[in-house]
Amino acid sequence: MVSSIMSQIAFAILLAFVSVTFAQQTNFVDKESKIGHFFEPQWFRDNIPFVEVPIKEIEEVYYYRWSSHKRHLRYTIPGNGYVVTEFINNIGYSLKYDTINAAAGHHIRESRWLRDRRYAQDYINFWTRGGGDSHSYSEWIAEAAYNSFLVDGDEDFIKSQLEGLVRNYKRWDDHYNADWKLYWISPERDAQELSCSSFQSDDPFWGGEGYRPSFNSEMYENAVAISKIAALVGDFNMFLEFQQKAEDLKAAIMQRLWDPVRKFFYHGFRDNNTNYELVDSREEVGFYPWEYNIPGNSSEFAEAWEQLIDSEGFGTLYGPTTCEVRSQYFDGNQTDQCCWWNGNSWPYSTSHTLKALANQVRNYKNSPVVGVNEFVKTLQTYALTQYKNDKPYVAECHSPIQKIWVGDRHNLSEHYAHSTYVENVLADLLGVIPRSDNIFEINPLVPNNWRFFAAENIPYHGHSVTVLYDADGSYYESGHSGMQIFVN
């Protein structure tokens with residue numbers, strides 16, 4: 001099922017990195033046509049990579065999501081700097097500077113592509129230096145912080161975060177079952193209340209505490225990230241400690257949360273579950289382990305992806321759904337209710353699933369069901385979801401079957417910052433794969449019929465890098481056909 005211009009071959013060029021204060025930039029993309037209508041267009045010129053792709057909606061939403069992200073960048077006080085808010089306006093349950101940690105990992109992943117490093121680094125500092133409550137909800141802040149380092153290459157900064165990231169990680173010890181080597185959490189604290197897991201408890205909103213594929217996958221990758229940072233610092237004991245934590249979590253996820261009969265990862269209840277039975281319905285969180293390359297590379301696990309495109313699984317008009325359609329708990333008919341995760345399409349989970357799908361296509365070789373075309377179609381569906389009145393727009397959750405936002409509360413949910421999109425375009429679709437060494441790796445997931453694409457002026461390890469693809473050399477009139485990489 002793999003069909004790609006790059007034929008799944010990762011192209012890498014070795015950059016002889018030197019100190020660059022003002023990296024020169026290319027000018028293949030007509031930038032004014034992309035951002036000239038935005039407030040403060042100079043901010044976009046100064047900060048964002050410019051993207052051009054053949055699918056109008058994917059590109060249009062890309063620039064909209066940068067304008068939305070900009071709305072949520074909030075300068076707090078000197079010495080603290082910038083944070084990223086989830087809601088534009090104040091909401092009662094937000095904490096210091098109106099922050100909520102539920103989507104902090106998403107915020108960092110988006111911010112890592114900005115040329116001004118203050119936005120990502122100030123925000124990471126906020127979570128590691130005790131400024132914000134990193135435990136209101138599940139989180140993957142260590143993973144996101146390390147992956148931000150892979151873009152900016154600032155080794156001194158990421159090494160300075162080690163102590164705080166370890167402290168954050170160990171605060172979850174009271175949610176750890178040492179016998180099963182898994183973390184437990186309620187769906188609500190996993191930012192997914194009123195889900196099919198919680199509906200099978202006595203309290204559909206707050207209940208359903210258990211061992212979830214989402215949270216445990218995130219904690220696995222947090223441990224991996226901390227072990228890598230410890231290696232940079234030279235703390236061998238900490239490196240070994242967190243490497244072992246990651247290995248234990250990975251083994252437990254595979255042993256306890258994978259159902260070999262139903263071919264999927266499931267939530268397992270913590271209480272009143274002596275036989276350790278997994279829930280009876282698939283939820284979108286079952287795709288999350290692929291986001292961190294946890295499953296093995298075999299056809300047994302690849303079969304799970306059949307559910308993504310199955311109309312009785314997660315494959316609806318505006319999917320993926322958060323609960324499989326065939327479930328007795330599925331509700332896809334809501335029109336104006338917020339915070340239900342038993343069927344609605346949530347950008348929060350879609351962005352996780354897209355990254356998991358990109359990993360499945362790019363990193364796994366036993367995928368008879370999904371390939372490049374399925375990834376691009378899923379991304380395009382995600383883009384088409386992000387419209388209202390024919391203009392790009394994102395709110396809390398969308399109907400899986402109708403062209404309406406369900407969770408869209410006036411003066412509250414507009415331009416909701418609870419997901420990624422820029423990350424899914426740059427890293428997943430166009431295949432910019434950041435690394436810790438002096439290699440720039442590009443491995444796009446684009447179909448053979450694409451005649452052009454560009455990712456221009458990407459900030460990478462202090463350089464400005466442009467990726468240009470022109471099938472026959474006529475689109476950008478650069479005098480060359482095929483792939484070109486420009487550095488500074």
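Visitor: How do the residues lining the largest pocket divide into nonpolar, polar and charged?
Guide: In this predicted model, the lining of the largest pocket consists of 26 residues. Nine of them are nonpolar and five are polar. The charged class takes the remaining share, with twelve.

Visitor: Which residues lie nearest the centre of the largest pocket?
Guide: The pocket holds about 630 Å³ of space. Helix H6 (141-152), helix H9 (213-233), helix H14 (347-363), helix H16 (422-429) and strand S15 (432-433) each supply at least two residues of its lining. Nearest the centre of the largest pocket are Asn147, Glu291, Asn293, Asn359 and Ile433.

Visitor: What is the volume of the second largest pocket, and which element gives the most to its lining?
Guide: The volume of the second largest pocket is about 340 Å³. Elements giving two or more residues to its lining are helix H1 (31-35), helix H3 (56-72) and strand S12 (391-392). The element that gives the most, with seven residues, is H3.

Visitor: How many charged residues are in the lining of the second largest pocket?
Guide: This pocket is lined by 17 residues, with His37, Phe38, Glu60, Tyr64 and Pro392 nearest its centre. Five of the lining residues are nonpolar and five are polar. The number of charged residues is seven.

Visitor: How many cavities of 30 Å³ or more are there, and what is the volume of the largest?
Guide: With the cut-off at 30 Å³, the count is two cavities. The space in the largest cavity is about 70 Å³.

Visitor: Which element gives the most to the lining of the largest cavity?
Guide: The lining is made of Arg65, Ser68, His69, His72, His106, His107, Glu110, Tyr416, Ala417 and Ser419. By class, the lining has two nonpolar, six polar and two charged residues. With four residues, the element that gives the most is H3.

Visitor: Which residues line the second largest cavity, and which element gives the most?
Guide: This cavity has a volume of about 40 Å³. Glu139, Ile141, Ala142, Leu165, Asn168, Tyr169 and Asn222 line it. H6 and helix H8 (162-170) are the elements that give two or more residues to this lining. The most, three residues, comes from H8.

Visitor: How does the lining of the second largest cavity divide by class?
Guide: Glu139 and Leu165 are among the residues of this lining. The division is four nonpolar, two polar and one charged.

Visitor: Why is one side of S2 and of S19 left without a neighbour in the sheet?
Guide: The sheet is open, with four strands in the order S2-S17-S18-S19 and antiparallel pairing. Strand S2 (50-52) and strand S19 (482-487) each have a single partner strand, so one side of each has no neighbour, the reason being that both stand at the edges.

Technical notes
Residues numbered from 1 in each chain as written. Predicted model: local features only at pLDDT ≥ 70, side-chain atom pairs only at ≥ 80, totals over all residues. Heavy atoms only, no water. 1 Å grid on protein atoms, 1.4 Å probe; cavity = no way out; pocket = protein on both sides within 12 Å on 5 of 7 lines; lining within 4 Å. Points joined across faces, edges and corners; volume = space filled by probe spheres on them. Nonpolar A, V, L, I, M, F, W, Y, C, P; charged D, E, K, R; others polar. Pairing = 2+ DSSP bridges.
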